[in-house]
Amino acid sequence: QVQLAESGGGLVQVGDSLRLSCSGRTVSRVAMGWFRQYPGKEREFVARISLFGTNTDYADSVKDRFTISRDNAKNTVHLQMNSLQPEDSAAYYCASNVAKFASGWRADYWGQGTQVTVSS
């Protein structure tokens with residue numbers, strides 16, 4: 001059974017940075033990613049990293065501010081979030097086996113989520 005553990009969320013001020021982390025026993029075997037969800041909205045794609053970290057994808061809203069990375073030897077994935085803005089406030093979810101389809105980005109497994117709140 002896939003188990004994903006997340007950490008790094010919290011309350012910060014506009015312009016601050018946060019680093020989210022995700023670990024699990026099968027992280028090193030598949031493409032990984034991050035999604036976020038606003039209250040009352042559907043979960044949306046944030047970033048994805050390929051199996052060996054050679055390819056990355058980002059939502060337009062976070063491109064040039066967020067960076068996804070991975071360390072397969074430690075079964076971990078990170079999301080470095082810089083220049084945080086109030087619109088970045090959401091529940092962030094680590095996702096396993098992330099791939100893009102005609103209908104959009106999808107994932108097979110999810111973490112429990114970690115809250116990021118950016119105060120203005």
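Q: Which residues have the most contacts inside the largest nonpolar core?
A: The model is predicted. Its largest nonpolar core has 30 residues. Those with the most contacts inside this core are M32, W34, V46, F66, L79, M81 and Y92.

Q: Which strands each supply at least two residues of this core?
A: Take them in chain order. Two of the strands are β3 (18-23) and β4 (32-37).

Q: Which residues does Y92 touch, not counting residues up to four places away in sequence?
A: Y92 is among the core residues with the most contacts inside the core. Sequence neighbours up to four places away are not counted here. Y92 then touches E6, L20, F35, R36, V46, F66, L79, M81, G113, T114 and V116.

Q: Is A91 buried or exposed?
A: A91 is in strand β9. The cut-off for buried is under 20% relative accessible area. Because A91 has 15% relative accessibility, A91 counts as buried.

Q: What distance separates the C-alpha atoms of A91 and Y38?
A: Along the chain, A91 and Y38 are 53 residues apart. A91 is also in contact with F35, R36, Q37, T114 and Q115, leaving aside neighbours within four places in sequence. The C-alpha atoms of A91 and Y38 are separated by 6.7 Å.

Q: Which residues does S50 touch, not counting residues up to four places away in sequence?
A: S50 is in the loop between β5 and β6. Beyond the neighbours up to four places away, S50 touches A31, N55 and R70.

Q: Is D64 buried or exposed?
A: D64 is in the loop between β6 (56-58) and β7. Its phi is near 80°, a positive value in a residue other than glycine. The cut-off for exposed is over 50% relative accessible area. Because D64 has 75% relative accessibility, D64 counts as exposed.

Q: What is the relative accessible area of N75?
A: N75 is in the loop between β7 and β8. N75 is not a glycine, although its phi is positive, about 55°. Partly exposed covers the range between buried, under 20%, and exposed, over 50%. N75 is partly exposed, and its relative accessible area is 21%.

Key: Residues numbered from 1 in each chain as written. Predicted model: local features only at pLDDT ≥ 70, side-chain atom pairs only at ≥ 80, totals over all residues. Heavy atoms only, no water. Core = buried A, V, L, I, M, F, W, Y, C linked by side-chain atoms within 4.5 Å. Buried < 20%, exposed > 50% of the residue type's maximum accessible area, 1.4 Å probe, protein only. Helix = DSSP H or I, 4+ residues; strand = E, 2+ residues; numbered from the N terminus. Contact = heavy atoms within 4.5 Å.
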